[in-house]
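Here are some notes for a colleague, to be read alongside the coordinates.

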Amino acid sequence: MPRAGLTPERLVAAAADLADEAGFEGVTLAALARRFGVKDASLYTHVRSLKDLRTRMALLAGGEMTDRIAEAVEGRETGRDTLAAYAAAYRAYALEHPGRYAATQIRIDQELVTDSPAMRRTADVTYGMLCAYGLEEPDLTDAVRLLRSTFHGYCALESTGAFGAPRDVQASWDRSIDALHVLLLNWPHEKRTPDGRASPSR
């Protein structure tokens, strides 16, 4: 491919494909240059560094994942139905695009997150679903962290075949969603004691 055909968008898309094929850590500037048939130095016209490339990958993958989740939850009733659709879309993306998904787990500078329409949409979709359970800050942030930890942990174990028991993996996933739904309905809201300390309470 001629060097003139390179653009930041094409490089990032190719890097995302390479991540799905070879793993996130397999994405290097040298590997990407080989894919385009150019020298490593040619890429620096379009990306500043490997960190810059991986950050762009994270934003691309995050936007793709959010689009899939938003489409899955659109028009659904609030509650378990929305939670299940959200979770299923999350899981499907993570399992189908392991390299892209790994990119979404890296830490990105907060300024970039704030400036990214894709990241803002992620927050809107996620917080919108949780607000329907009657949650407010700081419980919203706590609930987001719980869901992310649960979904990520399940997908990480499932992707490596770590669930060895004969119980059907999908059945366990469905029960996990049931449990999360009940927990969100009965979230232990935080209140303040007279001395200003946080005190979990129903």
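1. In this predicted model, the largest pocket is lined by 29 residues, and those lying nearest its centre are Thr104, Met119, Thr122, Val144 and Arg148. Its volume comes to about 1,100 Å³. By class, 15 of the lining residues are nonpolar, 9 are polar and 5 are charged. At least two lining residues are supplied by each of helix H4 (50-73), helix H5 (80-96), helix H7 (110-115), helix H8 (117-131) and H9.

2. The second largest pocket has a volume of about 170 Å³, and the residues lining it include Arg48, Lys51, Asp52, Arg56, Arg107 and Asp109. H4 provides the largest share of this lining, with 5 residues. The class count here is 3 nonpolar, 2 polar and 6 charged residues.

3. Asp139 belongs to helix H9 (residues 139-159), and this residue deserves a look of its own. Its relative accessibility is 7%, and because buried means under 20%, Asp139 counts as buried. When neighbours within four places in sequence are left aside, Asp139 is in contact with Trp187, Pro188, His189 and Glu190.

4. Helix H1 (residues 8-22) packs with helix H2 (residues 29-36) at an angle of about 110 degrees, their axes being 10 Å apart, which means that H1 is roughly perpendicular to H2. On the H1 side the contact is made by Arg10, Leu11, Ala14, Ala15, Asp17, Leu18 and Glu21, and on the H2 side by Ala31, Leu32, Arg35 and Phe36. By class, this contact of H1 with H2 has 7 nonpolar and 4 charged residues, with no polar ones.

Key
Residues numbered from 1 in each chain as written. Predicted model: local features only at pLDDT ≥ 70, side-chain atom pairs only at ≥ 80, totals over all residues. Heavy atoms only, no water. Axes fitted to C-alpha atoms, helices over the stretch in contact; angles between N-to-C directions. Helix = DSSP H or I, 4+ residues; strand = E, 2+ residues; numbered from the N terminus. Parallel < 35°, antiparallel > 145°, perpendicular 65-115°, else oblique. Contact = heavy atoms within 4.5 Å. Nonpolar A, V, L, I, M, F, W, Y, C, P; charged D, E, K, R; others polar. Buried < 20%, exposed > 50% of the residue type's maximum accessible area, 1.4 Å probe, protein only. 1 Å grid on protein atoms, 1.4 Å probe; cavity = no way out; pocket = protein on both sides within 12 Å on 5 of 7 lines; lining within 4 Å. Points joined across faces, edges and corners; volume = space filled by probe spheres on them.
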